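Dear colleague,

Please find the structure below. My notes on what was found in it follow directly after.

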There are 2 protein chains.
Amino acid sequence: MKFSHKIQQCGLSPMRKFYPYEVAAEAKGLRVHHLNIGQPDIETPRAFFDAARDFGETVLAYAPAPGVEVYLEAVRDYYARLGYPITCDEILATYGGSEALQIVLPCVLDEGDEILIPEPFYPNYDTFVRVTGAAIRPIPTSAEEGYRYADRARIEPLINEHTRAILITNPGNPTGVVLTPEERRLMVDIAKEHDLLLISDEVYREIVYGDEAPSSMLEFTDAAENVAVVDSISKRFSATGARVGALISRNKELMGQAMKLCQGRLCAATLDQVAAAALYRKMDAAYYAGVREEYRRRKDAVVAALNRVPNVQFSEPEGAFYLMVTLPVDDAEKLQYFLLEEFQDQGETVMYAPGEGFYGEPGKGRNEIRIAYVTNPDDLTRSIELLGLGIRAYNSRKQ
Amino acid sequence: MKFSHKIQQCGLSPMRKFYPYEVAAEAKGLRVHHLNIGQPDIETPRAFFDAARDFGETVLAYAPAPGVEVYLEAVRDYYARLGYPITCDEILATYGGSEALQIVLPCVLDEGDEILIPEPFYPNYDTFVRVTGAAIRPIPTSAEEGYRYADRARIEPLINEHTRAILITNPGNPTGVVLTPEERRLMVDIAKEHDLLLISDEVYREIVYGDEAPSSMLEFTDAAENVAVVDSISKRFSATGARVGALISRNKELMGQAMKLCQGRLCAATLDQVAAAALYRKMDAAYYAGVREEYRRRKDAVVAALNRVPNVQFSEPEGAFYLMVTLPVDDAEKLQYFLLEEFQDQGETVMYAPGEGFYGEPGKGRNEIRIAYVTNPDDLTRSIELLGLGIRAYNSRKQ
């Protein structure tokens with residue numbers, strides 16, 4: 001049987017190959033610390049489970065294709081509180097941020113088209129783009145410049161007749177970069193001037209460590225036609241398994257095209273939307289502040305611990321709960337195998353996401369890793385200590 | 001901004017255009033009976049809500065990409081009870097049957113490829129296929145032959161170098177056709193001989209009115225490489241809003257390709273999978289028999305009522321809860337507008353799905369309609385009576 005070209009170009013998760021080695025390490029009795037996964041240990045607010053429990057219907061019926069009304073209204077009101085007035089018609093309920101991307105990308109991308117994405121990028125973007133038949137043209141950044149990408153001279157030469165969109169993650173996964181107000185304005189200006197869709201993945205919106213309020217590309221009402229926002233409750237409310245997100249745009253034609261795909265798959269899950277609405281309704285400013293403070297403690301713990309590891313390079317994250325670290329090793333994948341197969345300290349070792357999977361070009365990011373800091377500060381401190389000890393052992397082993 | 005060719009070729013739901021007329025009719029005080037929607041009124045078993053309520057985790061975490069273990073095991077055991085042994089590795093949990101199609105189709109379809117689908121077909125198939133860049137080549141059937149399609153002489157001439165797959169719905173939506181054992185064998189033989197993937201959408205499996213047991217294309221182990229089954233709890237357990245389905249295949253390479261897309265979107269909703277597992281675990285043979293009996297009563301009510309309407313043509317459905325009816329009118333869409341705008345009987349009127357939306361070629365099916373019989377027999381009887389009265393009024397109106 002013949003498989004499609006596009007599916008053959010898609011990759012499996014780069015983390016997958018380490019799984020058997022993790023299992024083997026644990027079978028030897030090792031405790032494996034995880035810096036590799038974006039699953040927070042923060043409790044999902046009870047409001048979600050309470051709403052699911054109190055669901056009063058006897059038939060679990062289809063939701064409307066664009067979303068359950070209470071969910072759409074809750075999202076609308078959440079954005080109003082942020083200072084971005086939108087209407088329910090400008091929101092489509094999706095299965096997490098992932099489906100928002102799976103809906104918006106085929107609306108603008110045909111085979112042979114290109115989309116600009118700052119590199120390093122979230123690896124699943126590659127799958128979502130390839131399945132449309134289009135390709136990512138990476139906006140290259142560098143560790144030395146802290147992975148900043150909002151630079152007209154860097155971006156405009158990459159735009160050609162095949163370019164249809166720009167996709168950014170702000171706050172950034174895997175880099176922790178948060179755009180300044182000027183950088184946000186620049187990105188939207190570039191999209192508008194070149195008639196491109198700026199797709200802004202803002203699922204980490206609230207997790208910012210500076211003084212600025214949480215932001216959105218919806219701010220720029222003069223460029224509303226060129227902006228689509230991807231959102232999700234997954235990280236905001238530590239409810240990744242709920243799979244409730246949103247595609248938001250004031251571009252009516254875009255939303256009309258997107259509706260075709262929403263109708264095609266009938267609806268997103270009814271009960272999860274109702275429960276997500278309760279999260280938006282019941283969690284107040286103190287909740288958001290508490291979550292932000294918790295991640296700040298974790299970020300501070302990771303940064304302090306990394307400062308004790310010789311010869312690593314990194315920029316302090318400004319948001320989200322990830323950072324890229326350049327290691328003093330030849331190959332971060334080889335180090336990962338070493339950490340799982342040969343290394344241990346007091347019966348413990350550590351896993352991370354090797355950097356190469358976050359780059360479009362093979363070979364790039366080979367001595368970089370992505371760290372997700374989603375566990376408690378003590379565990380994070382120990383994890384980074386293990387990383388440092390592992391690097392030393394790796395570099396001093398007999399070759 | 002430029003939208004993709006593929007999204008522009010997708011259509012909005014053909015039912016959507018009648019919605020404002022329905023609202024207007026109700027605003028006039030009319031009661032509108034619904035033969036147009038596939039949302040059953042049968043209660044979702046409490047087991048679903050109980051399991052959702054009893055979910056014991058404090059963090060609603062990502063499910064594994066291929067599915068929650070208890071759900072995969074429950075599906076495996078359900079198929080074992082049917083006589084089709086499969087392993088959990090041969091099952092991927094999906095957002096309903098819809099996502100199973102959204103996953104399997106791009107695995108085999110590239111731009112310019114073709115997929116054979118018996119016509120009339122479920123309209124959303126068209127969206128799922130177009131978004132891959134491929135096109136449907138309809139297998140034409142006729143009302144006179146009861147929409148039967150499993151016929152080598154009819155199918156083989158449609159296969160060419162672009163053909164990659166055959167997609168069937170068995171039991172059939174919108175036709176109610178159920179393949180005989182010989183017809184099932186023929187379909188799988190054709191797929192095997194031409195090295196095509198036979199995608200069998202079996203979401204209505206249990207709703208069959210003959211003496212035969214519920215069947216699956218998984219029966220043909222000698223053609224296992226060529227078969228993928230689409231399944232869902234939506235109709236089986238009247239839980240359409242749960243959005244829990246499955247893609248099932250013994251073709252390891254296909255499942256490996258499909259896994260790329262499963263990993264890309266991270267997972268299907270955790271809580272709904274856990275609750276769906278409880279449905280599979282707790283609902284016994286009596287439950288399935290009860291549901292089948294209920295739909296049989298509804299089918300009998302519809303058939304009896306249709307037999308009282310002059311000059312309509314239809315074949316008695318063998319399964320699912322739909323049938324196509326040929327009306328003695330020039331245009332079923334015009335009749336629908338008439339029923340909503342001009343007609344009423346004792347303050348009541350009726351809606352159905354005009355047949356044209358179930359055909360690939362414009363103009364086909366213009367005097368046909370699809371009826372979904374998902375309400376109680378009394379309501380169905382009255383709905384069909386209204387249809388008959390409406391046809392008489394429509395045909396005797398002054399032109």
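Pro171(A) sits in the loop that runs between strand 5 (163–169) and helix 8 (181–193) of chain A. The model is a predicted one, and in it the peptide bond leading from Asn170(A) into Pro171(A) is cis, with omega near -5°. Pro174(A) also belongs to the loop between strand 5 and helix 8. The bond from Asn173(A) to Pro174(A) is likewise cis, its omega being near 15°.

Two residues with positive phi may also be of interest to you. Tyr147(A), which is not a glycine, has a phi of about 65°. Its place is the loop between strand 4 (135–140) and helix 7 (152–155) of chain A. Is Tyr147(A) buried or exposed? The relative accessibility of Tyr147(A) is 4%, and the cut-off for buried is under 20%, so Tyr147(A) counts as buried. Asn311(A), again a residue other than glycine, has a positive phi near 65°. Asn311(A) lies in the loop between helix 11 (285–306) and strand 9 (313–314) of chain A. With a relative accessible area of 64%, Asn311(A) is exposed.

Turning to the chain as a whole, chain A contains 13 helices and 13 strands. Its radius of gyration is 21 Å, close to the 21 Å that the globule rule gives for 399 residues, so chain A is as compact as a globular protein of that length. The C-alpha trace of chain A extends over about 65 × 55 × 50 Å along its principal axes. Of the 399 residues in chain A, 64% are buried. When contacts in chain A between residues at least 6 apart in sequence are considered, 75% of them join residues at least 24 apart.

Finally, the interface. The size of an interface is often given as the accessible area lost when the parts come together. Between chain A and chain B the buried area is about 6,300 Å², with carbon and sulfur atoms giving 58% of it. Met1(A), Phe3(A) and Leu60(A) supply 12% of the area that chain A buries against chain B, more than any other three residues. In terms of contacts, 77 residues of chain A meet 77 residues of chain B.

With kind regards

Key. Residues numbered from 1 in each chain as written. Chains lettered and ligands numbered in written order. Predicted model: local features only at pLDDT ≥ 70, side-chain atom pairs only at ≥ 80, totals over all residues. Heavy atoms only, no water. Helix = DSSP H or I, 4+ residues; strand = E, 2+ residues; numbered from the N terminus. Rg over C-alpha atoms; globule rule 2.2 N^0.38 Å. Buried < 20%, exposed > 50% of the residue type's maximum accessible area, 1.4 Å probe, protein only. Contact = heavy atoms within 4.5 Å. Buried area = accessible area lost by both parts, 1.4 Å probe.
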